[in-house]
Amino acid sequence: MKKVIGMGALALGAAFAFGVGSFVQSTDAAAAWKPRKPVEFVIMAGKGGGADRLARFIQGIIEKHKFSPKPFIPNNKGGGSGAEALRYLKDNAGNPHIILATLNSLYTTPLRNPGIGVDISKFTPIARLAEDTFQLWVTTDSGIKSVKDYIAAVKKAGAAGWKMGGTGKGQEDSLVTALLEKKFGLKMTYVPFKGGGTVAKQLIGKHINSTVNNPSEQAGFWDAKKSIPLASFTPKGKLKGKWGSIPTFEELGHGTDMVYYMQRSVIAPPGIPKDAQDFYVSVFDKVYKSKEWQSYLTKKGLVPGWLTGNELTAYFVKEREVHRKLLKDLGEIK
Amino acid sequence: MIEVFNLLIEGFAVALQWQNLLLVVAGCVAGLFIGAMPGLGSVNGVAILLPLTFLVPPTGAIIFLGALYYGAMYGGAISSIMLGIPGASTAVATTFDGRPMALKGDADRALVAAASASFVGGTISVVLFTLFAPPLADVALKFGPPEEFTLMILAFATFVGLGSDDIPKTLFSIMIGLAMSTVGLDIVSGQPRLIFFDLPGFYHGINFLVLAIGIYGIGEMLWVIEQSKGKMVISKAEVSVRRILDTIKQLKGSIRQMLMGSFLGYFVGILPAAGATPGSLMAYGVAKTMDREPETFGRGNIKGVVAPEAANNAASTGSMLPMLTLGIPGSPTTAILLGGMVIWGLEPGPRLFVDHKDFVWGLIASLYAANLFALLINIAFIPAFIAVLRMPFTILAPVIYVLCVVGGYAPTKDMHDVWLMLIFGVVGYLMRKLDYPLAPAVLAIVLGPLAEASMRQSLIMNQGGFDIFVTRPISGTILVIAIVLLVWPMIKAMNKRRTAKA
């Protein structure tokens with residue numbers, strides 16, 4: 001009997017930890033706002049992907065340095081390439097205990113699914129913490145050492161013979177691939193996988209011929225000399241350390257248009273109180289300046305780039321137009 | 001080999017420090033309870049407790065989380081057996097025979113069998129891990145989309161080819177599961193599919209735990225209520241040291257299933273994206289197909305508990321291998337562990353075994369320790385768990401119901417899933433009345449998305465040609481095994497009929 005009460009209590013405890021938080025809607029906002037309950041840190045991707053790992057890393061920094069009086073609890077809402085997460089934020093307008101870690105599906109998902117009725121310029125901007133970069137990767141065994149070799153090899157293999165791996169169609173990797181194809185007049189077979197980590201593994205296992213992975217996804221294999229980056233999709237001089245040693249397309253003489261970033265930002269639902277917004281901005285400002293974050297940026301090849309407030313919203317709107325054009329060129333939207 | 005031995009001894013020197021030993025025990029106990037809570041599995045446990053690990057050094061942190069992962073694998077079996085609700089997705093296969101055993105009054109035997117099998121699976125897999133980590137990482141790399149797809153076909157073959165079940169009904173059940181697994185976002189085109197009534201909840205697809213808890217938790221409860229017709233029902237439940245020892249002796253008869261489950265689970269665990277859930281379901285399927293009396297499965301056969309439990313523990317170790325050696329998670333839980341390693345400043349990947357020997361070998365050694373402690377702690381708790389079963393069903397039923405609702409809600413925190421789970425409960429109950437097997441539907445919803453993605457990726461790679469599955473050596477071999485498994489029970493059935501006639 002005692003045991004049952006124990007299990008019941010456990011159940012209640014779990015229900016409390018997971019659920020109650022999201023039922024209660026806040027109504028007032030006191031001065032010098034602070035969260036009164038755990039903050040729901042929504043991630044618009046599934047568990048274990050790049051976005052998820054990054055969000056949990058940020059949660060770790062907040063926890064370690066006690067940047068917030070209440071914990072940030074990650075909650076994955078990856079359904080529909082983040083459609084579920086965006087809709088959730090929209091439906092929770094005014095709720096100051098929810099924030100969202102974004103990636104570029106912030107632009108592409110509402111463009112591709114106008115049905116979800118989300119306008120990203122309405123969300124409350126918190127902070128842009130970094131821009132993640134992309135490189136063109138091949139295996140070391142392929143013998144390809146430069147972009148020139150690469151173009152020759154792809155042309156020789158033909159569309160059916162050259163397999164480019166990446167994440168889902170219409171997502172970042174496929175947009176970068178489209179840039180590459182258009183620029184050099186290449187044709188490849190694009191094979192979509194579930195996440196960047198899987199894509200990296202497929203390259204090392206030689207099931208595909210090339211990828212446009214983020215640095216963090218290939219770093220281990222590069223260190224082990226299993227794969228090599230041929231070029232960075234960044235402007236000249238943006239990357240530091242070993243990542244800076246990779247030539248950019250600009251440096252190779254291919255112009256300045258071969259640039260694509262993955263933004264790593266945090267936003268909140270529309271219409272949250274100003275002082276709640278200020279609280280989150282100050283938390284992420286501390287995260288941004290932390291030693292852990294700065295060393296992560298250099299180690300994992302991200303470009304630092306703090307943005308907040310109206311500037312961040314303006315950046316989102318600008319990028320949305322860039323993506324509208326990219327998706328149109330790809331034939332993904334009309 | 002000597003070098004491995006030396007490294008392992010150094011690892012034990014790390015693992016057996018008292019702080020680390022304490023962390024192992026704490027991890028096992030926490031894991032046991034988290035695993036036993038329906039809906040809360042090792043994924044949630046590791047995710048919730050990850051921030052706590054900043055208080056200790058990285059080696060201690062991974063030891064704690066590794067022990068928790070193990071404890072959850074043991075714990076998952078507890079509610080599967082006692083309440084018929086899968087404690088975690090990895091323990092679904094354990095309900096198939098564990099629950100019927102409990103209804104027969106053999107709950108303690110089932111719990112002991114599950115714990116012992118978990119111990120064997122865990123131990124075998126850690127030994128394999130110790131001896132062959134780097135070469136096995138290469139095997140994992142050899143698995144591209146075609147190999148993954150044929151492996152899924154193999155898993156389905158083990159379930160279709162069950163001679164004793166009605167084959168058309170099994171196929172029907174698989175098809176229902178497959179259809180449900182396509183709900184949500186299509187990974188290849190990125191388009192939403194089957195979003196019924198425009199409900200946003202369908203965007204994340206139908207979570208397989210929602211189906212499993214609905215069918216086995218709610219459905220089971222409805223079933224028992226109907227059977228008891230309002231009478232007070234108290235399950236028989238005994239426990240004594242003698243019965244426990246007796247059960248351990250009897251386990252000799254299922255050593256083959258234990259070994260098969262261990263090796264199969266370990267191997268499936270190594271393959272990225274698969275993890276312990278498919279591993280345990282496949283082990284159950286193989287155990288049933290290969291058995292002389294497959295018809296006794298699903299009715300409380302101890303072998304049906306042993307095989308998946310050995311497999312899920314073995315797979316949990318297996319899935320750490322690609323995480324440590326390749327930096328790619330083999331399961332959702334290891335994906336979160338991987339995130340933890342980044343926070344602790346460790347770089348998973350090929351260099352980890354060279355640059356952080358003490359970390360890697362400390363972890364491996366502590367897995368040996370965690371395995372032993374989880375077994376002891378689990379067996380020590382069995383009398384307490386059995387006491388729960390002695391309660392009248394009128395009290396137990398509302399508790400099960402609450403646990404089901406919490407379990408359906410916890411993973412996604414979406415009421416949509418709770419309603420869905422209740423619907424599945426009623427449908428599951430009706431299917432059961434009409435004698436449809438439910439396990440194949442559960443298998444299909446787990447493996448469906450993996451099978452679909454890998455098939456389409458293979459076809460894209462080969463410009464639409466199906467020959468890719470036959471011409472690649474590994475996938476070709478697996479395909480042949482799958483066909484044999486599919487045909488085998490039919491031949492057996494035909495032989496039986498012939499002998500019966502003669």
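## Surface and make-up of chain A

In this predicted model, the accessible surface of chain A comes to about 13000 Å², and carbon and sulfur atoms account for 57% of that area. Accessible areas come from the Shrake-Rupley method with a 1.4 Å probe, and for residues only the protein chains shown count as cover. Of the 334 residues in chain A, 58% are buried (under 20% relative accessible area; over 50% is exposed and in between is partly exposed, with a 1.4 Å probe and protein chains only).

Chain A has 12 helices and 11 strands; these are DSSP runs, H or I of at least four residues for helices and E of at least two for strands, numbered from the N terminus. Among its contacts (heavy atoms within 4.5 Å) between residues at least 6 apart in sequence, 77% join residues at least 24 apart.

## Helix α4 of chain A

Helix α4 of chain A spans residues 105-112, and eight of its eight residues are buried. They run from A:Ser105 to A:Arg112 and include A:Tyr107 and A:Pro110.

The buried residues of α4(A) pack against both helices and strands of chain A. The helices are α3 (83-91), α6 (172-184) and α12 (309-330); the strands are β3 (98-102) and β10 (262-268).

## Interface of chains A and B

The contact takes 57 residues from chain A and 57 residues from chain B. About 5100 Å² is buried between the two chains, with 69% given by carbon and sulfur atoms; buried area is the accessible area (1.4 Å probe) that two parts lose on being put together, summed over both.

The interface has zero salt bridges, a salt bridge being a side-chain nitrogen of Lys or Arg within 4 Å of a carboxyl oxygen of Asp or Glu. Nine residue pairs, both at pLDDT 80 or more, are in polar contact between chain A and chain B. A polar contact is a pair of N or O atoms within 3.5 Å; within protein, one must be able to donate a hydrogen and the other to accept it, and residues adjacent in sequence count only if both atoms are side-chain atoms. On the side of chain A that touches chain B, helix α1 (residues 2-23) of chain A gives the largest share, 11 residues.

## B:Ser458

B:Ser458 lies in helix α20 (residues 439-461) of chain B. This residue counts as buried because its relative accessibility is 0%.

Leaving out residues up to four places away in sequence, B:Ser458 touches B:Pro145, B:Pro146, B:Ile468 and B:Phe469. The C-alpha atoms of B:Ser458 and B:Glu147 are separated by 9.0 Å, with the two residues 311 apart along the chain.

## Basis

Residues are numbered from 1 along each chain as its sequence is written, and chains are lettered from A and ligands numbered from 1 in the order in which they are written. Local features need pLDDT of at least 70, side-chain atom pairs count only at pLDDT 80 or more, totals for chains, interfaces and linings use all residues, and side-chain values use heavy atoms, with hydrogens and water left out.
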